[in-house]
Amino acid sequence: MEQLFEGLLNDHLGFVVWAAVAFILLLILLGKFAWKPIMQAITDRERSIEDALLKAEAAKEEMARLTDENEALLKKARIERDLILHEARKVKEQMIHDARDLAQKEGARMLEIAKIEINNQKAIALADVKNQVASLSLEIAEKVLRKQFEDQAKQDDLVADLLKEVKLK
Amino acid sequence: MNFSHILNSKKTAISLILGVFLTFCACKTFAIQHGEHATEEKNAETEAFNPTTAILEHIGDSHYWHVVGETSIPLPVILFTDKGTEYFSSSVFHHGTEAHKGQFYTYKLVEDKIKAVDANGEVDKEASSHVYDFSITKNVLAMWIAGTLILVIFMSVASSYKKREGKAPKGLQSLVEPIIMFVRDEIARPNIGRRYQRYMPILLTIFFFIWMNNLLGLVPLFPGGANVTGNIMFTFVMSAIVMLVVNFSANKYYWKHIFLPDVPVWLYPIMIPVELIGVISRPFALMIRLYANISAGHIIVLSLISLIFIFKSIAVAPVSIVFVLFMDVLELLVAFLQAFIFTMLTALFIGTAVEEHH
């Protein structure tokens, strides 16, 4: 047993020390110049990929939201348009209606004026006719009387009649 | 295609190395079986090819780094002795055949371990106990190469993260990122829970360091081929660090679970020692698991190659190659799996230590 371990330290201590030095040196150098930047880069990249995915998801949601909003806006616009059109139609009808009313009233008024005018003209015309008839009747009566009073007997009769009528009071 | 090419090169390289052995060796087992007769044979300039020594030599640490054939790179030797520090190249030992007279002692390579020797060339145990070997050995160098490779890869990846901030990964970045994500999402987060981020650096470092060392161990050519993660000293260091991290990040619930468990008081003399053993045995299991798995893989591959030399027949080579190919593919999986299991269990232990009880 003693022989087995004889010179163990003498022969192998050096190797153990060199191996330890090599490993620790490697650990320090790699830790500082390799593992730290590499792990950092990998973690950063993973995080950025995750971020990108999350952002893409958010963008998708935003997109969907915008589409929904657009749809809603469109719907609203359509309703508004319909409303405006409806209003316009109503206004148009009102206007036509009003115009017709106005036209009717105006027509009626003009008709009235025309009637009055006609009546006036008629009255004037009638008066004229009456005058003419009167003067004609007078002329005829004059002519008849003149014819009648050419005969003396007849004049006497008439006087007699008239006197009879008078009778003395 | 590329892959089988590498495997073939490994085969070639190992074959060449073992070929050298064969040139100088004869069958040792044969020698043992045939006693005196064999000794004569041995004298006849042939030595046994002993697969055990050959394999253990290949999975062990060394002061040389075999490149190919007889070419090997001498590595620096650093010795801390009671009299002072010594530096020299391992080439002075001439592969263990010669002693080197240093400043303070005379040294010799005995089974690839540096020992102080006396004037007669005999190992001086007393003097050897004052010599501490801090050499940059094959495993130390291989470990540093793996570490440097990881540093270069991940710093360039980090810089491309900075350059391409917030963009999709590209090139090396896209190769590495899934693995980092795997460590985070499959290892750290489920086992540690909410506070996993604090432990990411150590988990990632452990994972990539072990994996890189495992993979480089499978490469048969020069910069690879060392058995770092199959070295129990290495796994000891890793598991010791894990143990420290786990126990220093432990919260009061963890310590209460150890020292005041929810059992009748008369069970405490049993429970507390058991829990304390658990604190040690968990990292200990980590150490043994990684060491045994990786060493076993190397041993199997080397054994299959050794078959060629045991049978001394080139006809065995195709069979060996097929099996080695299969084993290497399996080892690729094991390399990942063991790094994963080590990190996974580390995360699990940290998770139990920082777990909040409501």
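Which residue of β4(B) does B:I78 stand opposite? I looked this up before anything else, and in this predicted model the residue opposite B:I78 is B:Y87 in β4(B).

**Entry: the sheet around β3(B)**

Strand β3 of chain B, residues 76-81, and β4(B) pair in the antiparallel sense over 6 bridges. I noted that they belong to an open sheet of 3 strands in chain B, ordered β4-β3-β8 and paired antiparallel. β4 (84-89) and β8 of chain B stand at its edges with a single partner strand each, so one side of each is left without a neighbour in the sheet.

**Entry: the sheet around β6(B)**

I found another open sheet of 3 strands in chain B, with the order β5-β6-β7 and antiparallel pairing. Here the edge strands, each pairing on one side only, are β5 (100-101) and β7 (113-117) of chain B. I recorded 5 bridges between strand β6 of chain B, residues 106-110, and β7(B), the two running antiparallel; B:Y107 stands opposite B:A116 in β7(B).

**Entry: positive phi in the loops**

I checked two loop residues of chain B for their backbone angles. B:H94, in the loop between β4 and β5 of chain B, has a positive phi of about 50° although it is not a glycine. I count B:H94 as exposed because it has 12 other C-beta atoms within 10 Å, and the class takes in residues with 12 or fewer. B:D112, in the loop between β6 and β7 of chain B, likewise is a residue other than glycine with a positive phi, near 60°. With 18 other C-beta atoms within 10 Å, B:D112 is partly exposed.

**Entry: helix α10(B) and what follows**

I looked next at helix α10 of chain B, residues 268-311, which has 44 residues and reaches 60 Å from its first C-alpha to its last, close to the 64 Å expected at 1.5 Å a residue. The helix bends by about 30° at B:I305, and α10(B) is followed by B:K312, whose phi is positive, near 50°.

B:F309 and B:G230 are 79 residues apart in sequence, and I noted 24 Å between their C-alpha atoms.

I placed B:F323 in helix α11 of chain B, residues 317-354. B:F323 counts as partly exposed, with 16 C-beta neighbours inside 10 Å. From B:F323 to B:I300 there are 23 residues in sequence and 9.5 Å in space, C-alpha to C-alpha.

**Entry: the contact between the chains**

How many residues does the contact take from each chain? I noted 38 residues from chain B and 28 residues from chain A. On the side of chain B that touches chain A, at least two residues each come from β8 (132-133), α5 (138-163), α7 (200-218) and α8 (232-248) of chain B. The largest share of that side, 13 residues, comes from α5(B). By class, I wrote down 25 nonpolar, 8 polar and 5 charged residues for the side of chain B that touches chain A.

**Entry: confidence in chain A**

Last, I looked up how confidence runs in chain A, which averages a pLDDT of 90, with 96% of the residues scoring at least 70. Within chain A, helix α2 (residues 8-148) has the highest confidence, at 92, whereas helix α1 (residues 2-5) has the lowest, at a mean of 68.

Note on methods: Residues numbered from 1 in each chain as written. Chains lettered and ligands numbered in written order. Predicted model: local features only at pLDDT ≥ 70, side-chain atom pairs only at ≥ 80, totals over all residues. Contact = placed C-beta atoms within 7 Å. Helix = DSSP H or I, 4+ residues; strand = E, 2+ residues; numbered from the N terminus. Nonpolar A, V, L, I, M, F, W, Y, C, P; charged D, E, K, R; others polar. Pairing = 2+ DSSP bridges. Expected span 1.5 Å × (residues − 1). Bend = angle between axes of the 7 residues up to and from the residue. pLDDT = per-residue confidence, 0-100. Buried ≥ 20, exposed ≤ 12 C-beta atoms within 10 Å, placed from the backbone.
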